[in-house]
Amino acid sequence: MAPTLTLKPGTSWADAWQRCLAVAPEAFIGDRVLNLWNGAWQADGRALPATSPVDGSRISGPPRLDAPTAQQAVRAALDQHRVWRHVPLPERRARVSATLDALTAHRELLALLLVWEIGKPWRLATADVDRAIDGVRWYVAGIEEMTEGRTPLEGPVSNIASWNYPMSVLVHAMLVQALAGNAVIAKAPTDGGVACLTLACALAAREGVPVTLVSGSGGELSEALVRSPEIGCVSFVGGRDTGARIATAVADLGKRHILEQEGLNTWGFWNYTDWSALSSVIPKLFDYGKQRCTAYPRFVVQRSAFDAFLAAYLPAVGSIRTGHPLAVEDPADPLPELDFGPLINAAKARELDDQVAGAIDRGAIPLHRGSLSDGRFLAGQDTGAYLPPVTLLNPPPSSPLFHAEPFGPVDTIVLVDTEAELLAAMNASNGALVASLSTDDPKTYERLAPQIRAFKVGRSKPRSRGDRDELFGGHGASWRGAFVGGELLVHAVTEGSAGESAPGNFPDYQLQP
């Protein structure tokens with residue numbers, strides 16, 4: 001009989017919200033968050049209703065601005081930028097460092113907001129906060145050398161990012177951009193994370209860091225946040241459709257840009273025998289339900305080794321732990337160790353469920369289907385946003401699961417008989433951010449890996465975005481504009497010598513670092 005679970009005391013949304021009101025009363029009023037622009041918190045915009053993916057309960061939604069107000073915010077950010085770019089580096093460093101100290105002091109509140117807003121289990125939520133803080137501290141320590149001989153941009157950096165990593169991707173980028181001498185603008189993701197970002201920006205604004213945070217429809221705010229002449233650089237993380245529209249706009253305007261887009265990251269197996277090593281990795285690949293740009297949803301397996309692959313894979317995927325991220329048996333228990341909780345919303349769970357059903361109808365073979373009955377849930381809670389792991393063999397080419405990243409806990413397997421088929425299947429999406437190839441022979445890896453169109457290729461181990469001085473980019477349609485990571489992130493948002501060509505994927509050239 002499953003144990004009766006209860007919400008851990010002190011972790012409810014109401015508890016988190018009251019703490020936000022106490023910590024940053026200037027940014028949280030009543031039951032809504034405010035927009036931050038022109039150096040002040042503004043009670044404007046139309047607050048949308050929102051629900052937590054954790055249990056479907058009501059939480060605060062983004063206060064959506066209209067296009068004219070967003071344009072005012074951009075102009076005000078330019079005024080801030082013109083002052084901030086002349087602030088001496090030691091003062092910028094001191095203000096960003098003070099912000100990091102404040103973020104550290106409120107680490108657990110920021111993480112709790114991530115749990116409720118985007119469904120991250122506690123372990124992953126705290127890691128998201130910690131990676132942001134630790135990563136920016138690394139830049140603070142080395143910023144003098146990275147900015148030597150360089151100047152800030154002529155206008156602020158506009159950040160449009162997806163909801164899945166508000167701290168370690170978006171806040172991290174914003175603080176490094178500010179450290180380099182730029183005012184920064186961020187559009188809060190529509191699907192989740194606005195309260196966490198509001199708190200982080202409130203702590204930064206108190207220290208005098210020129211931060212603008214606005215909410216609104218991407219389509220309605222695009223003219224202001226992408227095409228405005230005041231914008232010095234556009235930094236985007238998200239899907240290919242939106243990224244392609246932004247890429248067209250910035251190309252037309254000749255605007256500096258960093259556009260990280262999705263790709264179908266694949267893991268290939270060819271003449272490989274160390275299957276016990278794979279078994280230990282599979283659960284880690286399901287972190288956050290594969291809702292990340294460096295997840296591996298596709299396995300390309302040599303047909304003659306398929307039985308060995310399944311013997312390693314199926315027990316591992318069957319061990320995946322999911323459920324309510326804040327549910328405990330005893331109030332004194334630590335929060336549960338889960339691989340993932342809910343997807344970002346119930347609509348996404350239904351979409352993937354429909355895609356799986358459609359793929360099976362057209363010939364895909366279901367190899368594994370988890371069950372929510374094995375998860376850890378509160379009695380009677382809404383589980384509409386939860387989807388257990390699913391594994392399909394040979395998804396049909398007509399299915400979205402064949403060629404696109406599912407952004408959820410759905411694995412697909414393709415069998416191949418030749419090296420040419422292996423490479424074709426691993427390159428199914430015209431470029432990816434990461435890939436891996438497992439083979440016992442080092443020479444085989446050295447020969448095949450350069451033919452895999454991914455920015456990072458691991459040998460028998462997964463690759464990730466990386467931190468600090470590790471470079472990051474993408475091949476093909478997975479990335480447009482400047483590459484980042486290490487000093488390249490600073491160089492992407494500063495001006496160097498005349499005629500400098502930044503490493504990246506651009507309309508008229510591609511340059512590897």
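These legends describe close-up views of a predicted model.

**View 1. Trp17 and Phe28 form an aromatic pair.** The model holds 22 aromatic pairs. In the one shown here, the ring centres of Trp17 and Phe28 are 5.2 Å apart and the planes stand at 85°. That angle is over 60 degrees, so the pair is edge-to-face. Trp17 belongs to helix α1 (residues 13-23) and Phe28 to strand β2 (residues 28-29). The pair therefore ties together parts that are 11 residues apart in sequence. Trp17 is buried, at 7% relative accessible area. Phe28 is buried too, at 2%.

**View 2. Helix α10 packs through its buried residues.** Helix α10 spans residues 275-285. Its buried residues are Trp275, Leu278, Val281, Ile282, Pro283 and Leu285. They pack against strands β16 (266-269) and β17 (298-302) and helix α11 (306-317).

View 3. The charged end of Lys120 sits over the ring of Tyr288, 4.9 Å from the ring centre. Lys120 also forms a salt bridge with Asp128, with the closest N and O atoms 3.6 Å apart. Lys120 and Asp128 are both buried.

**View 4. Lys290 sits over Phe286.** The charged end of Lys290 is 4.4 Å from the centre of the Phe286 ring.

**View 5. Arg137 and Asp101 bridge two helices.** The whole structure contains 21 salt bridges. In this one, the closest N and O atoms of Arg137 and Asp101 are 3.0 Å apart. Arg137 lies in helix α5 (residues 122-147) and Asp101 in helix α3 (residues 89-105). The partners are 36 residues apart, and the pair links distant parts of the chain. Arg137 is partly exposed, at 33% relative accessible area. Asp101 is partly exposed as well, at 45%.

**View 6. Asp339 and Arg321 join two loops.** Their side chains meet in a salt bridge, 3.3 Å from N to O. Asp339 lies in the loop between β18 (327-328) and α12 (346-361), and Arg321 in the loop between α11 and β18. The bridge therefore ties together parts that are 18 residues apart in sequence. Asp339 is buried, at 4% relative accessible area. Arg321 is partly exposed, at 38%. Elsewhere, salt bridges with shared partners join Arg123, Asp287 and Glu337 into one network.

Terms used:
Residues numbered from 1 in each chain as written. Predicted model: local features only at pLDDT ≥ 70, side-chain atom pairs only at ≥ 80, totals over all residues. Heavy atoms only, no water. Phe/Tyr/Trp six-rings, centres within 6.5 Å; stacked < 30°, edge-to-face > 60°. Helix = DSSP H or I, 4+ residues; strand = E, 2+ residues; numbered from the N terminus. Buried < 20%, exposed > 50% of the residue type's maximum accessible area, 1.4 Å probe, protein only. Lys NZ or Arg CZ within 6 Å of the ring centre and 35° of its normal. Contact = heavy atoms within 4.5 Å. Salt bridge = Lys/Arg side-chain N within 4 Å of Asp/Glu carboxyl O.
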